[in-house]
Amino acid sequence: MFDSVREDLKATLDEITAAGLHKPERVIGTPQSATVDVTAGGRPGAVLNFCANNYLGLADHPDVIAAGHAALDRWGYGMASVRFICGTQEVHKELENRLSAFLGQEDTILYSSCFDANGGVFETLLGAEDAVISDALNHASIIDGIRLSKAARYRYANRDMNDLEQQLKEATAAGARRKLVVTDGVFSMDGYVAPLREICDLAERYDAMVMVDDSHAVGFVGPGGRGTPELHGVMDRVDIITGTLGKALGGASGGYVAARAEIVALLRQRSRPYLFSNSLAPVIASASLTVLDLLESAGDLRERLTANTQRFRTRMAEEGFDILPGDHAIVPVMIGDAGEAGRLAELLLERGVYVIGFSYPVVPQGKARIRVQLSAAHSAEDIDRAIAAFVEARKALAG
């Protein structure tokens, strides 16, 4: 049977490659950092890393690594169980409590990833008599999570408050019992920040709850790094926050839902990704507690990240590159053509800068880009070298 399927799959893969949409996986031979060794053309070499979610540079922080070593001795390697059977250690509860306090929520529940967290919320909270109103550019995990729910689905144009209000009116007119507005805090492909104050205003007007996936914000956005709700002054008005431990918070893995106490309590009883997935590895939970300790005194890291972001955005614009506006550490360099974006990424790697070309289906057709991500671990010299490489690679691509 598979012989016939094999040919169909090969044809699909050939089409992906021919369209310039193939996504190679480069092999890194070092810990995640501002500089990594990447195998390219069969030869490893040190390159500047501008495509990791390592916003605060904590992925190889010595205190985090030391905490991981200590946790292995104290808690072991893995739980070999789900939480409600025999998969809950003191360290899991401590991390949940610390995240709740940090994010200003009543309770928190840990998941193996934020993808699972988003996959476990909607089906648990919403039934066929309810409605979910989702931003058009929300992360794939939100989209897939909504698909698992029987709730009526409404979609509003990205950050368009007039359209959001229209969708809320329609959901209300349809008699929805519960209404949930869901948005990314920061949209990962564009670096745009959701207007949470306006969203909360509309949600309260139409008696809806608000959910924010703040994966690309927690740790470094807002005065204390508590994310977009803190940035917009609405920490007490957001009902559900989902996020990851795999970006600014040390870059490992794991996700969470921080929310009203009753919401978390119900997720513990009925959220399928939580009930049927192994517990988060204790080494990650323990190291994440050290990350939260570091965040309390990470103002200098957040300031350095802001300065690096401004330097890169300003200089790239001066060099004539098409940069989407904003001030987030995600800086999309717009290319348009998928093949050109992939080729530009290869030319940059040859010049010692590791970035990735993003194309369909990750972004819409014709909107291919290089998504540059700044880190507090980058130096000013690193940024200047990257900009010079972009200029050189652009010339080579044109010529």
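The legends below describe an overall view and several close-up views of one predicted protein model.

The residues are numbered from 1 along each chain as its sequence is written. Because the model is predicted, local features need a pLDDT of at least 70 and side-chain atom pairs count only at pLDDT 80 or more, while totals for chains, interfaces and linings use all residues, and side-chain values rest on heavy atoms, with hydrogens and water left out.

**View 1**
The protein chain holds 15 helices and 13 strands, where helices (H or I, at least four residues) and strands (E, at least two) are DSSP runs numbered from the N terminus. Its radius of gyration is 22 Å, close to the 21 Å that the globule rule gives for 399 residues, so the protein chain is as compact as a globular protein of that length; this radius is taken over C-alpha atoms, and the rule is 2.2 Å times the number of residues to the power 0.38. Along its principal axes, the C-alpha trace spans about 60 × 55 × 55 Å. Of the 399 residues, 53% count as buried, a term that stands for under 20% relative accessible area, with exposed meaning over 50% and partly exposed in between (1.4 Å probe, protein chains only). Among contacts between residues at least 6 apart in sequence, 70% join residues at least 24 apart, a contact being heavy atoms within 4.5 Å.

**View 1. An open sheet of seven strands, with mixed pairing.**
The strands of this sheet follow the order β3-β9-β8-β7-β6-β4-β5, and two strands are taken to pair if DSSP finds at least two bridges between them. β3 (107-111) and β5 (152-156) stand at the edges, each with a single partner strand, so one side of each is left without a neighbour in the sheet. Neighbouring strands are turned by 20° against each other on average, direction ignored; axes are lines fitted to C-alpha atoms, for helices over the stretch in contact, and angles run from 0 to 180 degrees between N-to-C directions.

Five bridges join β3 and β9 in the antiparallel sense, and Thr108 stands opposite Ala258 in β9. Although β3 is an edge strand, four of its five residues are buried, so β3 is largely enclosed by the rest of the structure.

**View 2. Strands β7 and β8, with helices that lie on the sheet.**
Strand β7 (residues 209-213) runs parallel to strand β8 (residues 240-244), and three bridges join the two. The bridge partner of Asp213 is Thr242 in β8. Helix α10 (residues 261-270) packs on the sheet and touches β3, β8 and β9 (255-259), its direction making about 30° with that of β3. Helix α8 (residues 196-205) lies across β5, β6 (179-184) and β7, and runs at about 155° to β7.

**View 3. Salt bridges between side chains.**
A salt bridge here is a side-chain nitrogen of Lys or Arg within 4 Å of a carboxyl oxygen of Asp or Glu, and by this rule the count comes to 21. Asp130 and Arg177 meet in one of them, at 2.7 Å from N to O. This pair links distant parts of the chain, with Asp130 in the loop between α5 (114-125) and β4 (131-135) and Arg177, 47 residues apart from it, in the loop between α7 (161-173) and β6. Asp130 is buried at a relative accessible area of 1%, whereas Arg177 is partly exposed at 45%. In another salt bridge, the closest N and O atoms of Arg369 and Asp190 are 2.6 Å apart; Arg369 lies in strand β13 (residues 368-373) and Asp190 in the loop between β6 and α8, 179 residues apart. Both Arg369 and Asp190 are buried. Arg83, Lys93, Glu96, Asp107 and Arg268 are linked in a network of salt bridges.

**View 4. The largest nonpolar core, around Val372 and Phe390.**
A nonpolar core is a set of buried Ala, Val, Leu, Ile, Met, Phe, Trp, Tyr and Cys residues joined through side-chain atoms within 4.5 Å. Of the 89 residues in the largest core, Val372 and Phe390 touch the most other members, and helix α12 (residues 282-295) gives the largest share, nine residues. Not counting residues up to four places away in sequence, the residues that Val372 touches include Phe50, Phe312, Val355 and Phe390. Another core, of 22 residues, lies apart from the largest one, and Ala117, Leu126, Ile146 and Leu267 are among its members.
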